[in-house]
Amino acid sequence: MKVSRLLLIRHGETVWNSEGLIQGHMDIDLSEAGLAQADGLASSLRKLEVAACYSSDLGRAFNTARPFAAVKGLRAIRLPSLRELCFGGWQGRAMAEIIRTEAAAYQAYSHPDGHGAPPGGESFQELRERVGRALRSLARQHAGETIAVFGHGGTIRGGLIDLLQLPNVARYSFRPDNCGVTVLEHAGQWWRLIAYNCRVPFGELF
């Protein structure tokens, strides 16, 4: 049986990450620290055999993928389906401020069932379905291969919840770090979580 392996990698740090601002679909690029993280990731994984490299089309993910793709002799392919959750009118604001000033809307969004959405945004349920479809499609295209998928904290949470068939409330159990690597394997009907949120140096994990 062919085993597909997905490396789910969160983008490097941005200035908005350090300031605690919600990015969502806004195209915020990497900070100097984030660029260094991306280079370190590429160097650490340079010996890993990878068949393809995919990325969210947002700059912070794509520019994290680029050094890795260059080291592997690959082209990073942009996929809008790998974007972060759209936070609508909350983008560019601090979550602490939203909790204080829009408590009812925040409670609806954060409900354990995952069906609430920020004003003008999408729900976690919508995110998990979007990312789950994308990752299943990539696994079918690359049966028996290892691929790298660069995205966002929401991308990784949504992918894990959907592929592992977990309830939406489990999203609060996962908090991927910048340039953290999570590994999923697929063989037959089931997905397995092999490693979660690993950071450089990776040692012998892969």
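Trainee: Which helices each supply at least two residues of the lining of the largest pocket?

Mentor: In this predicted model, the helices α1 (15-19), α5 (103-109), α6 and α7 each do so. Among the contributors to this lining, α7 gives the most, with three residues.

Trainee: What is the volume of the largest pocket, and how many residues line it?

Mentor: The volume of the largest pocket is about 880 Å³. Its lining comprises 29 residues, and those nearest the centre are Arg 10, Glu 84, Phe 87, Arg 157 and Arg 175.

Trainee: How do the residues of that lining divide into nonpolar, polar and charged?

Mentor: The division is 13 nonpolar, nine polar and seven charged residues.

Trainee: Let us turn to charged pairs. How many salt bridges does a search of the whole structure find?

Mentor: The general idea is that side chains of opposite charge can pair when their charged atoms come close. A search of the whole structure here finds nine salt bridges. One of them joins the side chains of Glu 185 and Arg 5, with an N to O distance of 2.7 Å.

Trainee: Where do Glu 185 and Arg 5 lie?

Mentor: Glu 185 belongs to strand β5 (residues 181-187) and Arg 5 to strand β1 (residues 4-10), so their pairing ties together parts that are 180 residues apart in sequence. As for accessibility, Glu 185 counts as buried because its relative accessibility is 10%, under the 20% limit. Arg 5 is partly exposed, at 22%.

Trainee: Are the partners Arg 130 and Glu 122 buried or exposed?

Mentor: These two residues form a salt bridge whose closest N and O atoms are 2.5 Å apart. Arg 130 counts as buried at 14% relative accessibility, and Glu 122 likewise counts as buried at 12%.

Trainee: Which elements does the salt bridge of Arg 136 with Asp 162 tie together?

Mentor: The closest N and O atoms of Arg 136 and Asp 162 are 2.6 Å apart. Arg 136 lies in helix α6 (residues 124-141) and Asp 162 in helix α7 (residues 153-163), so the pair links parts that are 26 residues apart in sequence. Arg 136 is partly exposed, with a relative accessible area of 29%, whereas Asp 162 is buried at 12%.

Trainee: Which residues do salt bridges with shared partners join into one network?

Mentor: The network consists of Arg 5, Glu 185 and Arg 192.

Trainee: Which backbone atom does the side chain of His 186 reach?

Mentor: The side chain of His 186, a residue of strand β5, reaches the backbone oxygen of Gly 188 at 2.9 Å. With neighbours within four places in sequence set aside, His 186 is in contact with Lys 2, Val 3, Ser 4 and Trp 191.

Trainee: Finally, backbone angles. What is the phi of Gln 165, and what is that of Asn 197?

Mentor: Gln 165 has a positive phi of about 60 degrees although it is not a glycine. Asn 197, also not a glycine, has a positive phi of about 55 degrees. Gln 165 is found in the loop between α7 and β5 and is exposed, with a relative accessible area of 54%. Asn 197 lies in strand β6 (residues 190-198) and counts as buried at 14% relative accessibility.

Key
Residues numbered from 1 in each chain as written. Predicted model: local features only at pLDDT ≥ 70, side-chain atom pairs only at ≥ 80, totals over all residues. Heavy atoms only, no water. Salt bridge = Lys/Arg side-chain N within 4 Å of Asp/Glu carboxyl O. Helix = DSSP H or I, 4+ residues; strand = E, 2+ residues; numbered from the N terminus. Buried < 20%, exposed > 50% of the residue type's maximum accessible area, 1.4 Å probe, protein only. 1 Å grid on protein atoms, 1.4 Å probe; cavity = no way out; pocket = protein on both sides within 12 Å on 5 of 7 lines; lining within 4 Å. Points joined across faces, edges and corners; volume = space filled by probe spheres on them. Nonpolar A, V, L, I, M, F, W, Y, C, P; charged D, E, K, R; others polar. Contact = heavy atoms within 4.5 Å. Polar contact = N/O pair within 3.5 Å; in protein donor to acceptor, adjacent residues only side chain to side chain.
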